[in-house]
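Hi,

Here is the structure I promised to pass on. Please open it next to this message, and my notes follow below.

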Amino acid sequence: MPPLDLSEATKLRDIVFRCKGSKVDWVTRALHTAKSKNIQRISLDLSRNVFWQTILNEWSHLDHLLVQFWDLYSPSLQVMYESTRGWEDLRNHVARVLPVLMSREIIDLVEYPYVEQPFPSSTAPFI
Amino acid sequence: MLCSLPQEITDLIIDHLHNEPTTLKTCCLISRSWIPRARKYLFAHIKFYPSVGRLVSRWRKTFLDPTNSPAHHTRTLSICNPLLITDADVDTILTFCGVVCLNLDTDLIQDQGVSLVPFHGLSPVMRSLRLTFATLPYSKVFSLILSFPLLEELVLVSRNRRREDREWSTPSTSSRLTGSLELRLAEGIQPITYRLLDLPNGIHFTKLVVSWISGEDVMSTMNLVSRCSDTLESLDVASYLCELPSSPVPDQYLTPIRRLVRDASA
C-alpha cells in the first residue's frame, strides 16, 4: 500500500489519524510526506487493537518522528481514546509504545465519549 | 411597560434566549409582537422522525396557511425515511425554503427505490447536506447534490455495500464545495471520489474526513488531498485497513505456551 502523500497539502493545520486496525506504520509513512509548516495539531486516535501490535520498531519510528515535529513546529500532540478504556491502562500502553513523547511530557491524553462504529460489524471485516 | 420597549430591544432580549426553548415558548404567550423573533429560534431545527409521514401531516394541520408557517425560520431540517413522504407531504416539505442544512436518512436496508426528487433544489441557500443511505444509487445521490448551487459541506454515510454503480455523466455545472467533506461508506470511498473529482467547478474543501476499508481508499484520499491542496487545512483519516494481527495475544504470553507445545511434541 502506498503512503498517504501529504506533500501537496501545504496549508494543513490539523491532522487526525484514527488507527482502528492493528497497524500504525501508515501514520508514520504519511507524516514523513507532510511538508506543511502550519501544522498546529497532530492527533492519534488509538483503538485497543493497535496495542496488540508487537512490532515496537514501528512505534519507535512514530515516536521519533513526532518528537521531530514537535522540535520543529511545536504542534499540539494528542493521543485520543474512548472513555471505555481506563486512563491508567492507556497511559501505561502509551508510555510503552511512545516512550520519548511521554517522558518529555509533550503529548496529551484526551478522552472522548464512546461512539458507535460508523460501519456495522458485517461490513467492516478488517476490524 | 413591555409594550413601550422598541421592537429591536425586545428582539435583542429574545436573541439572548436563543438556546432556552422553554423560555422562548413562554415568550410566545406574552405578546403577539414577540412571536416572530421567538419562532426564529424555536423552529430553527426541525426533525421529522422517526415517523415522518405522521409528523409532516401534523405540521400541515397545525400550520394550515403555508404563507404564515414558521417553516421559513427553519435552518436545519432532518428527515428520516423519505420513502414515507406522500404527495400531500411534498407541498409541506417545499415550504422549508430557507433551509441551510439538510439531513436525510433513508433508514432502510434496501433503499434503491427511494426518490430524492422532492428535495431537489429544496432551498436555494442550502449550504450543508448530510445523507445516510444503504443501497441508494449514486446517480440519485449526485442528482440531489447537484441541485444545490451553493452547497459547501457534504457528509455521505452508507451502511451497506451495494453492487457496483458506474452510471455517471459529467454534469455541466456544480457548486464550489468549499467547506468540509465527510465520507463514511461501507463499500469504500472510491466510487464517490471519482465522481467528485469529475465535477466541473472542482472541489475546494478545507476539511476532509474519510474512512478507509480498502487500498483503493488510500489512493482516493490522495487524489482528494491533491485536488484540494490549495485549501485543505484539516484532515481526519480513520483506517480500518489492516492485516489482522498475527496473534491477538502478546508474544510474552505466547512464548511459554509455544515452549510447552514444542517440548510436548519432542
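Predicted model: local features only at pLDDT ≥ 70, side-chain atom pairs only at ≥ 80, totals over all residues.

Chain A first. Four helices and four strands make up its elements, and read from the N terminus they follow the order β-α-β-α-β-α-α-β. Of the 127 residues in chain A, 31% are buried. If you take the contacts in chain A with a separation of 6 or more, 85% of them join residues 24 or more positions apart.

Next, a helix pair. In general, two packed helices are described by the angle between their axes and the distance between the axes. In chain A, helix α1 (residues 25-33) packs with helix α2 (residues 56-73) at an angle of about 35°, and their axes are 9 Å apart. The crossing of α1(A) past α2(A) is left-handed. On the α1(A) side, the contact is made by A:Asp25, A:Val27, A:Thr28, A:Leu31 and A:His32, while α2(A) brings A:Glu58, A:His61, A:Leu62 and A:Leu65. Sorted by class, that contact between α1(A) and α2(A) holds four nonpolar, three polar and two charged residues.

Now to chain B. Which residues of helix α6 (residues 138-146) are buried? They are B:Tyr138, B:Lys140, B:Val141, B:Phe142, B:Leu144 and B:Ile145. Among the elements that cover the buried residues of α6(B) are the strands β4 (128-133) and β5 (153-158) and the helix α7 (190-197), which also belong to chain B.

Happy to go through any of this with you.

Best wishes

Methods: Residues numbered from 1 in each chain as written. Chains lettered and ligands numbered in written order. Helix = DSSP H or I, 4+ residues; strand = E, 2+ residues; numbered from the N terminus. Buried ≥ 20, exposed ≤ 12 C-beta atoms within 10 Å, placed from the backbone. Contact = placed C-beta atoms within 7 Å. Axes fitted to C-alpha atoms, helices over the stretch in contact; angles between N-to-C directions. Left-handed = near helix turned anticlockwise from the far one by under 90°. Nonpolar A, V, L, I, M, F, W, Y, C, P; charged D, E, K, R; others polar.
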